[in-house]
Every structure is written in structure tokens, then in C-alpha cells.
Amino acid sequence: MKTRGRTAQNAIQSPLPLRRAAARKASSKAAKKEQSDDDESFDATEAAQATASLSAPSDSEDGDVIEERPTKRRRTGSKPTTTTSKASTTNKSSVTRELCSRLFTTPIHSSEADPQEADKTLSRQLPHSITYHRPPLLSNSPPGRSARNALLTWFDSVSTTRSMPWRKPWINPTSHSHSPSELRSILERRAYEVWISEIMLQQTRVAVVIGYWNSWMAKWPTIHELAAAAAPDDVLSAWRGLGYYSRATRIHEGAKLVCRDPAMKGLLPSGVAELEAKVPGVGRYTAGAISAIVFGHAAPMVDGNVLRVLSRQLGILGDVKADKRVVDVLWAAADELVKKVARDGAEDDNEVGAEPPPVSDRPGRWGQALMELGSTVCTPKPNCSPCPISSTCRAYAEGYALALGTSPVVNNPKPPKLQDIEDICTLCEPFEEAPEEEEDDVPSTKRQPKPKQKPDNKQQTLSSFFFFTPTTTTTTTTTTTPTRSSSTKSTNNQPPLPSTLTPQQLETISNHAKRFPLKKPKKKVREEESLVCAIRRSSDGHYLIHRRPDKGLLAGMWEFPSLTLPNTNDSIAKARKTSAVAFVSGSVEGGGKMSRLRHVGEIGSVPWLFSHLRLTMHVHLFELDDDGDDGDDGGDGVRERWAGEEDVERESMGTGMRRCWGLVRERGVGA
């Protein structure tokens, strides 16, 4: 029987996987019940209880799905019932809530912490306590508060140079208190603008979105005009080229719902929970952006860039895409930070648990500042030199220790003594599992598999966890910059500003920081081939087009009749021709018409890459000698019709299919 009082110091002699498993098991004792063997899917309600900021799955089906890691456990009885499963899920949420409470909800004051302990918490220890990940950025005293102000000042300076049409000054309700109807009209339009921009920006670069956003607003300047759009095809046509077309469909549905609702009447809700519940396609990120930017509420807005920034600020070496526990902690950190920033601007510095944070422009500026920092400075390959919050960054401090050549053998030969084993961090992965020089976009097929190591050899790689203790005296210079408070100074437990470091030291720091968050090999993209059959009617030059199903990839869009080939990846031209002719015979009604159908030839191939699929489309051209009286040329609800060249040009087609249409137009008929 293992005693609860067993220390982490004694656990150091065990292999790392066993220690991590023991720590997880010890943490689960707080739940009082055995967890089930089932891998629970993401539950929005429970996540909201756990972190006070989690309330819905990802914004759309196009985003990454967060799945909880399965935990292998010994069965102790019969198969868990549904009631037991729900209870265990609630217990897991309770554990996560307790963890987030330890990290974020306790006020952090310089007077509360022992100076020596503060020194230790600035470096990663082996094993390290979960409290190591308490963000200095959340502190009420320097460097926390000065760093928060520095980030806002930095964003205010760069937001004007990197202008975006949807970035506008915050609408202060007190400025329009004399005219509630005017205020409602202004907020209605502003919320609509932010909503459209945030949906467009999902999985799409800012430079691409700017043109689409301007064109969209010129066509539908208000949510009421969008709701009155005659047909979904008009909306899909305006979205053409942005990809992930289900987003456009959801926007149109959401606009109609918001305008028809007797309570909303065209004005999007101001609260995160109501936005997620009532507006299709709006998840916790988009809801947070609308609530913070438009209405000034202290709501977190966390995208992939912010996850990267917070992972480095907290020093969490975890998977921010697939590890639900890590994602929950980072969302909880974002929630506490935005509340702290909102209170920073109030005359009375409210403490945690006091009155709700005041409404102002600070939450929206803060959320956009974190995203801007992640997209321009704290990128996958970070440039730590201009970063306004490097003074509170755990990854930066660890990299600085590495730049000094600090060695755990020289400066700290004995591992630090921690408290109970339950205090050991189980969020971080070992550094040897984090590829250091590989790009984010390198497919898994190019990664060399790492040789398996015996458990005893794991201990030899743990020198990657750096110790930075005050035993090394470092002379630093007090420096002020436009993005930092003049009170920011270097101390023994705070690495110096980037401006005082050598290029070699900065490079070492950046190389270490880019290991955060943990990079996992990408799954190999599935490869498929398809036949795209353009059938031209000789009597009028019209082409047969089909509408895709209303759900799934490219839902509701038009295309030429297409057939996915068997997954052999070894098709030859002769076999493709045979398959195309057989397929078209079923697409053209009436067996007698086959005698008048001529296969012109395979006129080219179009490779196209989706997020999960690499598709090669082989384009075949057919000509049908016909009298022009066949088929329906239009009408509501029609799934198949003949369309002229101008109509095909205007139709809502995917970009890949439009490339196929380009081949058809270039080749023509008769060659």
C-alpha cells in the first residue's frame, strides 16, 4: 500500500512514465470514484463548470476537434452504467476545476510569496510542481501589471500600422445614453461586422480576408439585408474562394434567425452563453470575440495563436490541439487574464470573486493584442526581441538559463524537494518528445521515427528540464522601451530584457521557446482520385451540373458530375476512360441518348488539397448530340440542371471544381 504522504523526491527514482501515471492516479482520488474506461467526448456544460470560461466545442466543424486522452485503468467490476459514466465525467471536471483554481483564482501578490520560492518558480524543475505554471502575467505587482499594460500599449501602436477594416474604436454606451435607439442601431451593425470578420478569419489569412470582408459589407451592409438574401447560392457565390463553405451557410442561417427572433430583432446577444446557444456556427471563441470587442465584457477569445502565446507564458509543454486538459487550463488562464485586465482599468482594483469586471474597451483590446502578438511576434518561430511581455514568459526564462549554460549538475546537483506527489505537474510532456527543428507543416511521412528507449534511459534525457537558480550572478541593465513600463527592472529572479542580450543569447532563447507548445506529427493526408465529367449539349452549348448534398464537404455547391475512384492510386488513362463512360451513361437520362454521346477525351488533371484530403481530379469532356428539350434548366430545389457558360461562371463552385471548368473552357469541343 502506497501512503498518501509519499513525496515527489522519493518518486524521482522511478521511471518517468510510472511517476506521471502515479501522479494522475493520485490526482483522481479527489474524485472519490473510479473513472470509466470510456473516452468521454468534449462536453460543453462540464467544461464551463471546470474553467468558468469553457462553454462550447470548437467554432465549426472545420476546426480541430479536442478529444480527451483515453486513460487506461484496471476494471474493478461490471461495465459502468450510464449513471456512473456521467458521475465520473463530473468528477473529472471537478479535478480540472480544482487544478485551475490552484493556478489562477488565488490572488498573486509579491508580499504573499517568499523571495526564495519566487526565485525557484522562475525555472523548470525536475519534477516540477503544478504551481510552476502560475502565470506571472496575472500578478498584481511588477512584472505582471506592467507587462499587461505594455502589451496593450504595444497593440495600440501596431494596430494602426497593420490596419484591418473591421478594427474600429469601441462603442461606449455612455456616449449614446441620450438615444437608446441610436445606440442599438450602432451596436447592431458593429456586432454584425465583427461576427462576419471572425468567421471569415477562421482557417484563413488576414490578407485574403480583407478583400472578401469589404466586398461582403458592400453587398450586405447590415444583418437585415443579409437575412433577406434571395437564395443561399448568392451567399455561397460571395464566399467563393474562402473555402470551408459551411461557414457561409451558417452565417446566412444565423442572420435570418437573429432578425426573426422577437427578442434579438437583428441585434446579436452580448453574452457568450447566449451567443453560443442561439446563433448557428458561433462557438466559444467567436462568442468571446463579439462579447469583448463589441460589448466590452471580460470574455476570453482564444485561437491557435493565443494558445501558443499562453503555452509559452505558462511554460506548459503540452499538446494544445488534442489534449483537452491542457486546452482547458489555457482557456482558464485566458479567462482570468481578461478579467484582471478589465479590472486594471477600473478606479477600484476589485479582487477575485468581487463585483463583475467593468465594461470597457480593455477586454477587446487585450484579446486582439494576444492574437496580434501570436501572429506577428510569438509565431511558431518566435522573435523574442520585440516581445512586450517577455519578462513574464516562462519559456523565455528557461531559454535564458540555457543561454547562460546553466547546468543542473553544476548549479543544482540534487533534485529539488517538492511536497506531496499530488503536486507534480502532469500537464507537461518530456522534452525528448518535442521535435526542436521541424516545421509545423511537415507531414508525418517525413519525420524519422525515434528509437524506443528502455525506461532506465528516460532519466538521462531529463537534463532538458532546466534549473535557473540565483547561484549565478548576472549583471543586467535597467532599460526602458516604448512598450514597457519605466518601472520594469531586472532582478535576480527575472531574466533581463531582450535589448540587453547578445544575438547568440536571443537565438538560444527563441530556439527554446519554439518548442512550445508540443508539436505532434501530423496525420498523413488521405489521397483520392476522381473523375470530373463535363457533358456539353451540342444544341445550345449548355453543360450538365449537379448540386452536392446539403451536408458534408462543399455542401450545397454546384459541380460537374463526378465519381470518386477506388482507393488504389494507380489509375491509368484507359481505365479512367472506361469508368467515365460507364458513369456518364447513368448521368444522362434515356438509354437511347448513349448512341449520341461522344467522349472527347481526358483534357487534363487538377490536383487540389483540402485540410484532410489530397484530391486529383481527372477532367473528361463529353458532347451530347441532343435537341435541347431534356432536363430542367432551373428552379428552386433543383439538384441537376443544364446551364450555359455564363451561368456556370456565376454558380457557387468550389475553387478546385472551378479550375476544372477552366480546363473545359480552354479546350472546347472537337479537338
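1. Let me start at a strand pairing: Leu609 sits across from Arg614, a residue of strand S6. Bear in mind throughout that this is a predicted model. Strand S5, residues 597-609, runs antiparallel to S6, and the two pair over eleven bridges. The link from S5 to S6 is a hairpin of three residues.

2. S6 has another partner as well. Strand S1 (residues 526-537) pairs with S6 in the parallel sense, over twelve bridges. If you want a place to look on screen, Arg526 has Leu613 in S6 as its bridge partner. S6 itself covers residues 613-624, and ten of its twelve residues are buried.

3. Is His620 buried or exposed? This histidine belongs to strand S6, and its relative accessibility is 0%; the cut-off for buried is under 20%, so His620 counts as buried. Its side chain has a polar partner, with a contact to the side chain of Glu602 at 2.9 Å.

4. Now for the charged pairs. The whole structure has 24 salt bridges. One of them joins the side chains of Glu527 and Arg614, at 3.6 Å from N to O. The two residues come from distant parts of the chain, with Glu527 in strand S1 and Arg614 in strand S6, 87 residues apart. Neither end is buried: Glu527 is partly exposed at 35% relative accessible area, and Arg614 is partly exposed at 38%.

5. Another salt bridge brings together the side chains of Glu559 and Arg548, at 3.1 Å from N to O. Here the residues are eleven apart: Glu559 is in strand S3 (residues 558-559), while Arg548 is in the loop between strand S2 (542-547) and S3. What about the burial of the two ends? Glu559 counts as buried, at 13% relative accessibility, whereas Arg548 counts as partly exposed, at 21%. The cut-off for buried is under 20%, so Arg548 falls on the partly exposed side of it.

6. The side chains of Glu645 and Arg665 form a salt bridge of 3.5 Å, N to O. Glu645 belongs to helix H22 (residues 645-650) and Arg665 to helix H23 (residues 655-667), 20 residues apart in the chain. Both ends are partly exposed, with relative accessible areas of 36% for Glu645 and 44% for Arg665.

7. Not every salt bridge stands as a simple pair. Lys168, Arg189, Arg190 and Glu193 are joined in a network of salt bridges.

8. Which arginine is buried without a salt bridge? That is Arg362, and the nearest side chain of opposite charge, Asp344, is 4.2 Å away. Beyond four places in sequence, the residues touching Arg362 are Asn149, Leu152, Val341, Ala342, Asp344 and Gly345. I'd have a look at this spot yourself.

9. Arg362 is part of helix H16, residues 362-376. Of the 15 residues of H16, 13 are buried, so the rest of the structure largely encloses this helix. The geometry checks out too: at 1.5 Å a residue the helix should span 21 Å, and its end C-alpha atoms are 20 Å apart, which agrees. When you check which way side chains point, note that an α-helix has 3.6 residues a turn, so residues three or four places apart point the same way.

10. Last, a histidine in a loop. His297 is in the stretch between helix H13 (284-293) and helix H14 (304-314), and is partly exposed, with 29% relative accessible area. His297 and Ser360 are 63 residues apart in sequence, but their C-alpha atoms are 7.1 Å apart in space. Leaving out residues up to four places away in sequence, the contacts of His297 are Ser270, Ser291, Ala292, Val359 and Pro363.

Terms used: Residues numbered from 1 in each chain as written. Predicted model: local features only at pLDDT ≥ 70, side-chain atom pairs only at ≥ 80, totals over all residues. Heavy atoms only, no water. Helix = DSSP H or I, 4+ residues; strand = E, 2+ residues; numbered from the N terminus. Buried < 20%, exposed > 50% of the residue type's maximum accessible area, 1.4 Å probe, protein only. Lys, Arg positive; Asp, Glu negative; His and termini not counted. Salt bridge = Lys/Arg side-chain N within 4 Å of Asp/Glu carboxyl O. Contact = heavy atoms within 4.5 Å. Pairing = 2+ DSSP bridges. Polar contact = N/O pair within 3.5 Å; in protein donor to acceptor, adjacent residues only side chain to side chain. Expected span 1.5 Å × (residues − 1).
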